[in-house]
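Trainee: I'd like to learn how to read this one. Could you walk me through it?
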Amino acid sequence: MEDPSSILHRLQKTFRSGVTIPESFRRTQLQNLLALVQENEQLILDALHKDLSKPKFEAFLSEIDMVANDLHYTLDNFYSWMQLEYSSKNLATRMDKCFVRREPLGVVLIIGAWNYPLHLILLPLVGAIAAGNCVLLKPSEISQATEQLLAELIPKYLSKDCYSVVCGGAEYTKALLENKFDHIFYTGSQAVARTILQAAAVHLTPVTLELGGKCPCIIYGHIDIPSAARRLVWSKFFNAGQSCVAPDYVLCSAEIRDALLPAVRQTLKEFYGEDARAGPDMGRIINPHHWNRLMELLEKSRGKVVMGGEGYQEDRYIAPTVLVDVEESDILMQEEIFGPILPILTVKSLEEATDFVNRRAKPLAVYVFSDEHSVVTTVLENTSSGGFCANDGIVHMALPGLPFGGVGASGFGHYHGRWTFETFSHRRGCMMRSWALEKINVLRYPPYSDSNLSWLRWATSAKKSWISCSIM
């Protein structure tokens, strides 16, 4: 395996050559990445099924189409994103050219995650290419089949001089992080994120962290129970619950809980049949370690299992599971579940629900199900989270026009669509001055006087649509 510093030096040399700067080069690479996805659909499906037993339907929606749609959106728009953005000026700078120029950061490191092993590595890559960077990709070693497929395909479709893929475990990642990158983009757990932040701090490297957390789903007020049950079950058990934006727990009144449970039970039967394990539409837990972790959570929980609860280690299957009578202090409420286990907690008021959410770390998403606009607005205005979705779950992350990212412990920085391009771009403020009007510039030169100061303050102050500008 090639030494990380050697790969980095090669990429840095390529970046300094300027080959990634022209719009035509970026467009060609994006088109090649789109071809990679479109021409290898079956290989991708096979790898995802080997890693996660991911159903074809879910693989297309959440992996292949997510990447393809973002690529189409970026190809249609990134030329306009590259253009100079002209700034407002004041009287003292009316004759100058003032603009924001978006420039690539340099050589960036993208570290992917195992739960969506294709889209969580390729979506950041789309924006990094569009912004003109060289990229070192580190797919998750836990999803081995997809990791190996990416390592095989990317050199065939993208410039080997500009984009490299490395494979390896924790020790190799640690070696990677000893090098100075121009940006690090990481998707994964909070524990690993702390290690990455510490390593980045040594080099003052900027970091984007896409993490997770316990995403609440508040169900309150008048509601269409059957529709709520279908949307809740789909978003919770999609990818066997291994989604950073999956509803982690439900907060509702005892009355809504009692109406919701039969609807959830019926929905599970409609979606997955009498035996979800025997059907084709329920994925599997990624590996024995995570299967054991989830089963241990179930065993230690003091909540009451009302649906599911079965697990089979030989094929890493855990049945879609629902628990009630779960207390805030329960082990299921201490960490992100990241599996097909749904605790339902009861509250007596909407205020109690929002207070419950606000006592905890800020989640990656907050969901609220209600037909009442006032309820939705109250939850939106009285909680904080990376994203928000009313009357559905996880679908907000599929729209390229919306920023996706966390806040606080759920991460920082955004991506998807233009937001990825901006993440991997430096917004450079530029002013082009001429030698004209030097008599006016004399006002700022020593020897200083109160009269010159008054004139200069007037010329640089904000008037109408002008924006103040300090003259250095």
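Trainee: How many salt bridges does the count come to?

Mentor: First, some ground rules. This is a predicted model, where local features need pLDDT of at least 70, side-chain atom pairs count only at pLDDT 80 or more, and totals for chains, interfaces and linings use all residues. Residues are numbered from 1 along each chain as its sequence is written, and side-chain values use heavy atoms, leaving out hydrogens and water. A salt bridge is a side-chain nitrogen of Lys or Arg within 4 Å of a carboxyl oxygen of Asp or Glu. By that rule, the count is 23. One pairs Glu-296 with Lys-300, at 2.7 Å from N to O.

Trainee: How far apart are Glu-296 and Lys-300 in helix H11?

Mentor: Helices here are DSSP runs (H or I, at least four residues), numbered from the N terminus. In H11 (residues 288-300) these two are four residues apart, so about one helical turn separates them.

Trainee: And how are two packed helices described?

Mentor: By the angle between their axes and the distance between the axes. The axes are lines fitted to C-alpha atoms over the stretch in contact, and angles run from 0 to 180 degrees between N-to-C directions. Take H2 (residues 23-39) and H5 (residues 119-130): they pack at about 160 degrees, with axes 9 Å apart. That makes H2 roughly antiparallel to H5, a label for angles over 145 degrees.

Trainee: Which residues of H2 meet H5?

Mentor: Contact means heavy atoms within 4.5 Å. Arg-26, Gln-29, Leu-30, Leu-33 and Val-37 are the H2 residues that meet H5.

Trainee: Which peptide bond is cis?

Mentor: The one from Pro-446 to Pro-447, with omega near 0 degrees.

How values were computed: Angles under 35 degrees count as roughly parallel, over 145 as roughly antiparallel, 65 to 115 as roughly perpendicular and the rest as oblique.
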